[in-house]
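Student: I have a protein model open and would like to learn how its features get their names. Could we go through it together?

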Amino acid sequence: MAAPTKCQHLRRLVLLCALLGTMWEAGASQIRYSVPEETEKGYTVGNISKDLGLEPWELAERGVRIVSRGRTQFFSLNPRSGSLVTADRIDREELCAQSPRCLVNFKVLIEVRVKFYGIEIEVTDINDNTPKFEAEDLEVKINEIAVPGARYPLPEAVDPDVGVNSLQSYQLSPSHHFSLDVQTGDDGTISPELVLEHALDREEQAAHHLVLTASDGGDPRRSSTVRIHVTVLDTNDNAPVFVQPIYRVEVLENVPPGTQLLTVTASDPDEGANGKVAYKFRKVNEKQSLLFQLNEKTGEISTSKSLDYEECSFYEMEIQAEDGGGLKGRTKVLIRVEDVNDNRPEVTITSLFSPVREDAPQGTVIVLFNAHDRDSGKNGQVVCSIQENLSFKLENLEEDYYRLSTARVLDREKASEYNITVTATDRGTPPLSTEIHITLQVTDINDNPPAFSQASYSVYLPENNPKGTSIFSVTAHDPDSNENSRIIYTLAEDTIQGSPLSSYVSINSDTGVLYSLRSFDYEQFHDLQMQVRASDSGNPPLSSNVSLRLFVLDQNDNIPEILYPAFPTDSSTGMELAPRSAEPGYLVTKVVAVDRDSGQNAWLSYRLLKASEPGLFSVGLHTGEVRTARALLDRDALKQSLVVAVQDHGQPPLSATVTLTVAVADSIPDILAGLGSLEIAEDPEASDLTLYLVVAVAVVSCIFLAFVIMLLALRLQRWHSSRLLQATSGGLAGVPTTNFVGVNGVQAFLQTYSQEVALTSDSRKSHVIFPQPNYADTLISQQSCEKNEPSCVSVDSKFPVEDTPLVPQAPPNTDWRFSQAQRPGTSGSQNGDDTGTWPNNQFDTEMLQAMILASASEAADGSSTLGGGAGTMGLSARYGPQFTLQHVPDYRQNVYIPGSNATLTNAAGKRDGKAPAGGNGNKKKSGKKEKK
């Protein structure tokens, strides 16, 4: 028996535990608090974190929030303390009027759990309102025939508080004729009545003044008073009586203001003023007095403002009818407001999870919201829906709470933003609906690499661009957003002509604009090949490449370069030779030029820009060949200067010029005679050099002048001594002249032209000769002179007189002229060791003439060195301003060119306008005598 009994106890214990658990769970879902009204903001109602089984710091982490339907939020959560606090001042009378209990219900949502907890807070009353009469003064009219014990209703005071804080008692000021009696109604309300204790006598006292005090039971006690003025009237023994003790009426809440609701009627059998009834509100609160109005004469009750079922659905008031004699009657009016579907559903978003990642899984909650309607019945039933959208779905959680979640995986590149419209519709007639628009932002992830608009790019850039020139702009597009779409442009590393690509071009990493780091030259390279990489800033970054080819366009930036004739390095002027016997079209030389540009920028044309004698020469337009345009005449100057311009066909065209000096002569003596007259075309850029040369020549001339004076003195002394020696010895003519006197300056100068000058020690009576370059450097012996050769003169010979020719003249020999193959330029060859070139500037020409004349003079005097004797008096005026060629004999006739019968005298004759001697061997007489 013991075992079955024990099992029964265990079963009962298990059932009891299960029952207690169920009760505890039910109680756990509903949490109750109480708070007194009129508390300050932030007043702690209760520790909700403890009641929810959470720590205070978990409130924010788990997304705990208050969800309520009301428009005003009275409570809030303190995340620091985990307490439920008041969000604003709470007025119990405003919130619940005179209801015995004032309860505020709302829900607490834990977002992580998606679970709701019900909260019920009771707002307790405090004595914050004073009983208040409708008027501060009251007039009561009583007939003097009123019998003691007659009762007269007095106005009631209104106290919005409840319980002990509400109206509790009335007190009347002491009076001999009146007392106060308080009546208690079925609903617990008390009504004061004035009781006549002794008969009145109007003639004895026509008016009485009383004070009625209304007090509540709060702590501290509050009270208010009304002054009662009692007027004693004549006899009026019938009071007004209403037809109905209670009037009831039902009205729709949407009736317009001014609508008549009902009419109350009271009758008084008295006649005259005592039978005339006036209607007044006897017991009505402030809100009711604003909503309804009463016609004092007819008793019609109408609305003065719009009614609202949601604010108040039932009104109760008392109407008083008073006749002219002061007798009163009263009745009750009950007005019930019926609901109409005049409120649209209200949607309150409790949680919005936006933005959402585009890779969020299907079923991710986007929005939690509440939909309710303030109407009642079917008018308050709400159904929610969304427009047909395959990406989202709407679910009803419980009661009027809904959840909006994703129905599939989102793609931000297709839609970065969703505008979702939620429609809440009630079931009223006609139905009313409300729409809310939810904007959902989709967060991007880096799932798209940058893409260029083209597979490759070709860029064309003119050469000679400035450094830093913007060449081109590449643009890549990344459909992602923010950092995932921020593109960084770089250039792939490469080497061009041994230099890194980064030294040629650079790219703006943000804009993709390509810049040049140097000025490109088409002549160095024509194009650049590079790879541009576009990388986004995502994690991990994605990138793509594109090929870009830069083509350099040629510009006309190179002037034509003249290859021939080339300018000598010693600042001399080149000379071309044209025989006077040349026919028209004779090729004198050819100007050769090139242009480093390409295309039409390198097409060259030649033209004669300037000529000392126009019409004598012509230049080929495309060949650059300089030819004679007509036959050469004797009157044509020996020196012809031509300025040839070479111009390309670029835009704008560039050009270069070259100055040609053409010597027009049939023989070398003609050229030698005219060398002194050749002048160099001054270069404006060589002005400084010319200044230095002039100063140097002036200094040298001064030194040379002093040296000449010394030589003159020594020469005179030597001449005097030689005269004495001739008188005593007289036989020096037989001494052979076997030694050369080397003239370093003349020899070094003439060797540049592959010629040599050899002088005998007795050069005074010998000739200056120009042997062939391949001849031995020997001197004609005395024995050869005895053979009466024209190149030798006996030592015993005296200075000739004017009529006596010194050297027999032979017919001109043209063997000395250069052949066509020996001419410089493209028309002939310049190579050959046995051919020399003519002096190429004026200074060299004059120097040659001076040295030749000085050598001839010293040879005649028997001196052994050039310039060591007095014969240097024969130098030109350039080297001695006080001496001229007129002071010395003209020895140019003694200078001849081997292989030719021509002498320098012939060239001088041409220059001076004299006809040279004929080819019959006649000698030209010297027109000068030696002066010592």
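Tutor: Gladly! Let's start with a word we need: a residue is buried when its relative accessible area is under 20%. This is a predicted model, and of the 932 residues of the protein chain, 41% count as buried.

Student: Why is Phe-133 called buried?

Tutor: Set its value against the cut-off. Phe-133 has 7% relative accessibility, and buried means under 20%, so Phe-133 counts as buried. Tyr-170 is also at 7%, so the label is buried there too.

Student: What makes Phe-133 and Tyr-170 a tilted aromatic pair?

Tutor: There are two checks. A pair of aromatic rings is described by the distance of the centres and the angle of the planes. Centres must lie within 6.5 Å, and those of Phe-133 and Tyr-170 are 6.4 Å apart. Planes under 30 degrees apart would be stacked and over 60 edge-to-face; the angle here is 50°, which leaves tilted.

Student: What does the pair of Phe-133 and Tyr-170 tie together?

Tutor: Phe-133 lies in the loop between strands E7 and E8, while Tyr-170 belongs to strand E10, so the pair ties together parts that are 37 residues apart in sequence.

Student: Why is the pair of Tyr-504 and Phe-525 called edge-to-face?

Tutor: The ring centres of Tyr-504 and Phe-525 are 5.6 Å apart, and their planes stand at 80°. Tyr-504 is buried at 2% relative accessible area, and Phe-525 is buried at 7%.

Student: How do you know that the charged end of Arg-518 sits over the ring of Tyr-504?

Tutor: The distance limit is 6 Å from the ring centre, and the charge must also be within 35 degrees of the ring normal. The charged end of Arg-518 is 4.1 Å from the centre of the Tyr-504 ring, and it is listed as sitting over that ring.

Student: What makes strands E30 and E31 a pair?

Tutor: At least two bridges are needed, and E30 and E31 share nine, in the antiparallel sense. One example is Ala-424, whose bridge partner in E31 is Thr-434.

Student: Why do E25 and E27 count as edges of their sheet?

Tutor: The open sheet runs in the order E25-E31-E30-E27, with mixed pairing. E25 and E27 each have a single partner strand, so one side of each is left without a neighbour in the sheet.

Methods. Residues numbered from 1 in each chain as written. Predicted model: local features only at pLDDT ≥ 70, side-chain atom pairs only at ≥ 80, totals over all residues. Heavy atoms only, no water. Buried < 20%, exposed > 50% of the residue type's maximum accessible area, 1.4 Å probe, protein only. Helix = DSSP H or I, 4+ residues; strand = E, 2+ residues; numbered from the N terminus. Phe/Tyr/Trp six-rings, centres within 6.5 Å; stacked < 30°, edge-to-face > 60°.
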